[in-house]
Amino acid sequence: MEADQRTADLKKVVLMRDHMEQEGSGTPLGWAVEQLSAALKGRSITLIPQSDANSSGAEAAIRLVKASDAGGEAGNVPAAAEAFIIDRQTGPARTTIVIYSSGDRGFIYALLELADRIQYASDPMAELHDWKRTEEKPANKVRSLSRMFVSEAEDKPWYYDKAFWNEYLNEIARHRFNRFNLALGMGYDYGHDPDIRDNYMYFAYPFLLDVPGYDVRVEGLPGGEAARNLDMLRYIGEQVSRRGLDFHVGIWTNAYDLPDSPHPHYRITGLTKDNHAAYCRDALTLLLQSCTSIAGLTLRVHYESGIPEPAQEFWRAALSGIAAIDRPVSVDIHSKGVEASMIEMVRESTGRQVTVSPKFWAEHMGLPYHPAHNREREMPEADFKGSQYAAVTAGSRKVTRYGYADFLTRSRNYDILYRVWPGTQRVLLWGDPVMAAGSSRAASFGGAAGLELFEPLSFKGRKTSGIAGGRELYADEPLRLEGKDWIKYGYTYRLWGRLLYNPDTDPDVWRRYLRHEYGASAGAAEKALAFASRILPLITVAHHPSSANVDYWPEMYTNLAIIKTKPSQYDYDLPEPKTFGAASPLDPEMFYSINAFADAVISGTRSGKATPQEVSFRLDEWAGGAMSSLMEAEALADKPQNAAFRRLAADVRILAGLGRFFARKFQAGTAYALFERSNDVRFLYYALKEYHLAKEAWEQIIAAADGVYRSDIAFGHKSYMRGHWADRLPAITEDLEEMHRIYRQWPAGAGAEGPNETEIGEYVRPLRGPSPSYEHIQPESYNPGMPVQIAATAPSAPQELRIYLHYRHVNQAERFAVAEMERDGDLYRAVIPSSYTDSVYSLMYYLELDNGTDAWIAPGFDTEMAGPPYYVLHSTFVLRGGITSSN
């Protein structure tokens with residue numbers, strides 16, 4: 001009786017569906033209703049169907065109306081299937097929340113929005129009664145999250161854990177990701193890695209399938225395990241689909257033979273060069289037939305897949321079975337090494353729409369814009385004479401390795417999906433709404449479909465570095481995640497998912513979560529993490545000793561010496577003399593390297609690029625902002641010993657320490673480069689002073705991580721891809737001691753007075769003054785084959801002010817052209833000639849203002865560095881199907 005009375009006392013909300021079939025619990029819409037019901041139940045409210053006898057007594061109603069049935073009652077309902085409107089109608093008996101949408105995903109997102117607000121509201125019924133009209137539509141067609149299987153020891157536990165999948169997929173689905181990609185075959189980079197050992201699921205097919213007509217076996221694989229793996233893949237796909245996401249599987253390796261690897265854990269038998277392509281064709285076909293929830297494939301088709309280049313005939317055969325699948329299956333090919341003929345061949349052999357997926361910022365996460373220019377070593381080499389195994393990728397298609405390359409033609413017959421690789425930040429919590437919103441806007445650059453994000457901890461345990469239980473990060477027992485690592489990164493998923501859907505999302509979407517997690521300290525915690533999260537992306541762009549994530553891990557940085565005394569893992573990817581000062585920025589068009597800046601200072605030819613000193617200033621500013629906000633959060637925290645708060649606090653401290661370390665090392669490296677060029681010992685003295693401060697910052701990082709994180713966090717078997725921040729200190733100390741050795745060759749106390757401003761003022765005055773006042777209105781569009789006039793006005797500009805126009809096609813295989821703008825009083829003009837605009841590419845440009853002492857780039861970066869420092873000029877064109885759009 002007591003239980004019946006409690007049920008009767010619960011508040012009730014009725015669910016009404018106009019002209020809609022009742023959705024079963026196994027459907028995406030049925031799942032969303034379950035999530036709403038659970039959120040209401042958690043707040044002592046019952047969700048009942050309209051058919052319930054008690055529905056007339058409900059305090060509120062939620063009504064679902066298809067846009068086609070809405071008539072004029074909702075205004076203009078967006079046509080996009082993922083768009084929706086949530087409105088409130090107030091009647092004499094109850095409040096009705098009305099949801100309008102054209103498709104199931106729109107209804108799902110609306111129901112999940114209601115569930116999220118109810119979960120975190122102080123008064124859930126008041127949240128409904130006071131609801132303000134909400135209209136949302138997606139900014140990006142594809143918003144994808146990718147998870148990798150790369151370690152038998154560390155990845156089998158979550159792969160087989162149904163409870164994990166149910167909770168994890170709930171988390172990402174509620175934040176409006178609409179695709180989940182399970183990546184197989186990324187445990188090694190074939191052709192680069194000898195002594196492959198942990199090859200479980202590396203060549204995935206025989207670990208999943210027994211393909212009729214082939215006697216292909218995995219030596220050492222227990223009987224029945226392949227069937228278990230396939231059953232689990234089916235389950236994962238079904239659960240992904242049940243939550244309204246598209247399920248994609250990545251097949252990144254097709255190599256069955258492992259030369260230079262005498263001790264693999266598993267050996268594939270029954271394949272030869274003669275039957276390899278046919279087996280891959282039939283295995284892929286069987287996989288798609290056996291796992292019907294697979295809606296798309298991601299394929300690596302360059303040499304690292306294990307197929308020597310050129311490889312089009314292999315892929316023509318291997319992919320041809322897709323054409324026989326009688327349901328939509330999209331094909332996404334990783335862009336590295338891809339030629340136009342490869343795209344066309346894949347399209348023709350599969351009969352499917354093809355997507356090309358370039359890397360956003362090489363194999364790392366950079367600032368929220370696409371680099372204005374690649375590193376010089378990424379430019380194409382038409383006369384390449386290196387390894388024929390990589391004849392295409394390392395030669396004429398070298399530009400495709402680390403960016404959008406030359407794929408953004410206006411009339412292309414393929415889609416583009418950018419992929420954010422995990423080299424920059426793997427372990428520490430990330431969360432900056434400004435940067436996530438900027439990345440969302442960049443995700444549609446060039447008319448792209450959207451963005452795929454490799455999730456945190458990607459590559460954990462890679463290259464046989466995994467150990468049982470090794471996915472656990474924490475040494476401190478109260479902080480341990482016990483297999484639920486997604487819990488730590490819930491804020492990261494929320495920001496990326498919601499802001500990829502809509503970069504102008506109401507901040508309350510993440511702030512209500514923060515209030516729930518951190519109470520009174522929520523606002524300060526948000527600021528602390530936002531400042532801290534900008535640090536590593538800026539370091540990645542400004543200092544890039546290697547584009548390969550297997551060598552450069554700025555989060556747990558292996559020191560690149562200012563003074564070279566021995567080889568390093570970066571050498572193959574560095575210009576001479578292969579030192580810290582020589583490392584190129586990842587965007588050398590917008591950032592100086594240290595050595596290039598030192599050359600400019602000495603020669604007096606400084607450009608508008610961001611200098612190492614300006615980067616240092618920004619890092620100091622963000623590190624200071626992170627720490628001051630963290631101290632405020634700690635003072636306000638209701639429960640400072642709460643595990644979530646302690647994880648955030650530790651990570652903010654480490655990130656701020658990284659900012660301070662690199663800020664000081666940029667200063668030390670620049671001073672040393674100036675010493676090398678001037679032989680002025682004052683610069684050497686200053687370099688020593690700054691390098692000592694850098695070392696102190698690193699010691700503070702070690703202190704922040706000590707006892708919190710495990711002593712060996714492994715993302716690879718080599719020392720620089722595993723370990724702890726403490727392991728990196730000896731290399732820093734060694735480099736500093738070498739600088740002391742050089743200084744000892746000078747008289748004691750030499751240079752202590754520091755650099756003299758009147759002698760080399762460009763260095764000691766690192767922050768340029770404010771830009772001259774100017775006005776520039778970007779043209780709305782242009783017609784290909786017609787000249788484009790670019791104009792700027794600079795009222796009261798000094799006579800010596802010159803303005804230069806830098807322009808190029810939206811094609812990273814090209815370099816910028818430069819034209820000095822003609823001056824007529826306050827007006828400056830330049831013309832991009834018709835011969836240049838007559839192209840299949842749109843245009844990008846920026847202005848450089850130079851007064852003879854300083855130079856500035858326009859538009860340049862804002863204080864948050866959250867958008868592109870250049871303009872993009874679109875043309876009107878016709879896409880396939882005759883749709884007029886702009887690129």
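**Close-up 1. The pair formed by Phe661 and Trp698 in the predicted model.** In this predicted model, Phe661 and Trp698 are both buried. Among the 55 aromatic pairs that the structure holds, Tyr491 and Tyr513 form a stacked one, with 6.1 Å from centre to centre and 5 degrees between the planes, and both Tyr491 and Tyr513 are buried.

Close-up 2. One aromatic cluster is formed by Phe149, Trp158, Tyr159, Tyr160, Phe164, Trp165, Tyr168, Phe180, Tyr200, Phe207, Tyr266 and Tyr493. Arg147 lies over the face of Trp158, at 4.3 Å from the ring centre, while the charged end of Arg228 sits over the ring of Tyr160, 3.6 Å from the centre of that ring.

Close-up 3. Eight strands make up a closed barrel in the order β7-β8-β10-β12-β13-β14-β15-β16, and their pairing is parallel. On average, neighbouring strands of this sheet are turned by 25 degrees against each other, when direction is ignored. Helix α8 (residues 225-242) lies across β8 (179-184) and β10 (246-251), and runs at about 140 degrees to β10.

**Close-up 4. The pairing of strands β15 and β16.** Strand β15 (residues 415-420) and strand β16 (residues 450-454) run parallel and are joined by four bridges. Within this pairing, Tyr418 stands opposite Leu451 in β16. In general, the strands of a sheet pair through backbone hydrogen bonds, in either a parallel or an antiparallel manner.

Close-up 5. The structure holds 68 salt bridges, and one of them brings together the side chains of Arg176 and Glu113, at 3.3 Å from N to O. The partners come from distant parts of the chain, with Arg176 in the loop between α6 (162-173) and β8 and Glu113 in helix α3 (residues 104-120), 63 residues apart. Arg176 and Glu113 are both buried. A salt bridge also connects Asp116 with Arg174, whose closest N and O atoms are 3.1 Å apart. Asp116 lies in helix α3 and Arg174 in the loop between α6 and β8, so this pair ties together parts of the chain that are 58 residues apart in sequence. Asp116 counts as buried because its relative accessibility is 5%, whereas Arg174, with a relative accessible area of 23%, is partly exposed.

**Close-up 6. The salt bridge between Asp571 and Lys564.** Asp571 forms a salt bridge with Lys564, and their closest N and O atoms are 2.9 Å apart. Asp571 is buried, with a relative accessible area of 15%, whereas Lys564 has a relative accessible area of 34% and is therefore partly exposed.

Methods: Residues are numbered from 1 along each chain as its sequence is written. This is a predicted model: local features need pLDDT of at least 70, side-chain atom pairs count only at pLDDT 80 or more; totals for chains, interfaces and linings use all residues. Side-chain values use heavy atoms; hydrogens and water are left out. Two strands pair if DSSP finds at least two bridges between them. Helices (H or I, at least four residues) and strands (E, at least two) are DSSP runs, numbered from the N terminus. Axes are lines fitted to C-alpha atoms, for helices over the stretch in contact, and angles run from 0 to 180 degrees between N-to-C directions. Contact means heavy atoms within 4.5 Å. A salt bridge is a side-chain nitrogen of Lys or Arg within 4 Å of a carboxyl oxygen of Asp or Glu. Buried means under 20% relative accessible area, exposed over 50%, partly exposed in between (1.4 Å probe, protein chains only). Rings of Phe, Tyr and Trp (its six-membered ring) pair if their centres lie within 6.5 Å; planes under 30 degrees apart count as stacked, over 60 as edge-to-face and the rest as tilted. A charge sits over a ring if NZ of Lys or CZ of Arg is within 6 Å of the ring centre and within 35 degrees of the ring normal.
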